[in-house]
Amino acid sequence: MISLGRYQLQNYLRTYQYIPPFSIFILCLVVNYTFVPNPILDSFSFTSIILFFLMGWFTVTLFHSEDEGQKMITILHANGATPYHFSLFIIAILIAFSLSMVSVIYPTAIHAFAEEPSFTHLFLGFLSHVSLAILGIALSAIFTRELVKNKQNTWWGVISVLLLTLVVATLKDSIPQMKGLILVLPPLHLSLEIMTVGDQIKSIPSKFYWQFIWILVYASFVIYVFFFLSKLKRR
């Protein structure tokens, strides 16, 4: 599995398809923290949403880094499609962890905040970034070529589902009919609610941990659905 993951990461790096989303990520960080001082949790909330969308881009380009012929050869060497796709998810999650760390460390290092962030601020910021990044990976994987044949539909699907998730999260209190749907739709709103608690927070309530856990459980379920549907499609 380690050799497979190393090969796929090296192959992805050779495609240079990661450069556009990575460049946009760096640009958004730099622009967001150009003017100081900034609120801590509100800033982390904004950059976590940016990462949520960009991980969709990373995921699609990662899953499509090999052409169909080379993909089949790699699957044969990997002894099946399941380890092949599992290693791709691992790489995507490692990217998510790395960019989440950068999102928290960069503004702290340049003193971009109005006050020195505490460990509580930094930990909440990291949890917000990494949970939404993994949620973005899971939702985007459903629209990769393993399940969607038309490449154009892949991009429209990814953009649509990520935008819909954000719209529902922001309008759930304004439209009563959405309160029932919010239980089954991607729980991006939980992270947004947590990050509005204010910079005066001194400790993390246990409720917040459970909300972040639910985001990760939801993402894990979507990834399971990906493997289930891809297995059905191969039969």
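Read along the sequence, the protein chain follows the pattern α-α-α-α-α-α-α-α-α-α. The chain contains 10 helices and 0 strands. The structure is a predicted model.

**Overall dimensions and packing**

- A compact globule of 235 residues would have a radius of gyration near 18 Å, and the protein chain agrees with this, since its own value is 18 Å.
- The C-alpha trace of the protein chain spans about 55 × 40 × 30 Å along its principal axes.
- Of the 235 residues in the protein chain, 50% count as buried.
- Among contacts in the protein chain with a separation of 6 or more, 79% involve residues 24 or more positions apart.

**The pairing of helix 5 and helix 10**

- Helix 5 covers residues 81-109 and helix 10 covers residues 206-234; their axes come within 11 Å and cross at roughly 150 degrees.
- Because angles over 145 degrees count as roughly antiparallel, helix 5 and helix 10 are roughly antiparallel to each other.
- The crossing of helix 5 and helix 10 is right-handed.
- On the side of helix 5, the contact is made by Ala81, Thr82, His85, Phe86 and Phe89. On the side of helix 10, Ile223, Phe226, Phe227 and Arg234 take part.
- The residues of this contact between helix 5 and helix 10 comprise 6 nonpolar, 2 polar and 1 charged.

**Phe22 in helix 2**

- Phe22 is located in helix 2, which covers residues 19-32.
- Phe22 counts as partly exposed because its relative accessibility is 37%, a value between the limits of 20% for buried and 50% for exposed.
- Leaving aside neighbours within four places in sequence, Phe22 is in contact with Phe58 and Leu99.
- Phe22 and Met55 are 33 residues apart in sequence, while their C-alpha atoms are 9.6 Å apart in space.

**Ser140 in helix 6**

- Ser140 belongs to helix 6, a helix that covers residues 119-141.
- The relative accessible area of Ser140 is 0%, so this residue is buried.
- Not counting residues up to four places away in sequence, Ser140 touches Gly56, Thr59, Val158 and Leu162.

**Backbone features in the loops**

- Most residues other than glycine have a negative phi, and most peptide bonds are trans.
- Val36 and Pro37 are joined by a cis peptide bond, with omega at about 5 degrees.
- Pro37 is found in the loop between helix 2 and helix 3, the latter covering residues 40-63.
- Asn79 is not a glycine, yet its phi is positive, at about 65 degrees.
- The loop that holds Asn79 runs between helix 4 (68-77) and helix 5.
- With a relative accessibility of 70%, Asn79 counts as exposed, because the threshold for that class is over 50%.
- His111 likewise is a residue other than glycine with a positive phi, here near 55 degrees.
- The position of His111 is in the loop between helix 5 and helix 6.
- His111 has a relative accessible area of 56% and is therefore exposed.

Technical notes: Residues are numbered from 1 along each chain as its sequence is written. This is a predicted model: local features need pLDDT of at least 70, side-chain atom pairs count only at pLDDT 80 or more; totals for chains, interfaces and linings use all residues. Side-chain values use heavy atoms; hydrogens and water are left out. Axes are lines fitted to C-alpha atoms, for helices over the stretch in contact, and angles run from 0 to 180 degrees between N-to-C directions. Helices (H or I, at least four residues) and strands (E, at least two) are DSSP runs, numbered from the N terminus. Angles under 35 degrees count as roughly parallel, over 145 as roughly antiparallel, 65 to 115 as roughly perpendicular and the rest as oblique. A crossing is left-handed if the near helix is turned anticlockwise from the far one by less than a right angle, and right-handed if clockwise. Contact means heavy atoms within 4.5 Å. Ala, Val, Leu, Ile, Met, Phe, Trp, Tyr, Cys and Pro count as nonpolar, Asp, Glu, Lys and Arg as charged, and the others, Gly among them, as polar. The radius of gyration is taken over C-alpha atoms; the globule rule is 2.2 Å times the number of residues to the power 0.38. Buried means under 20% relative accessible area, exposed over 50%, partly exposed in between (1.4 Å probe, protein chains only).
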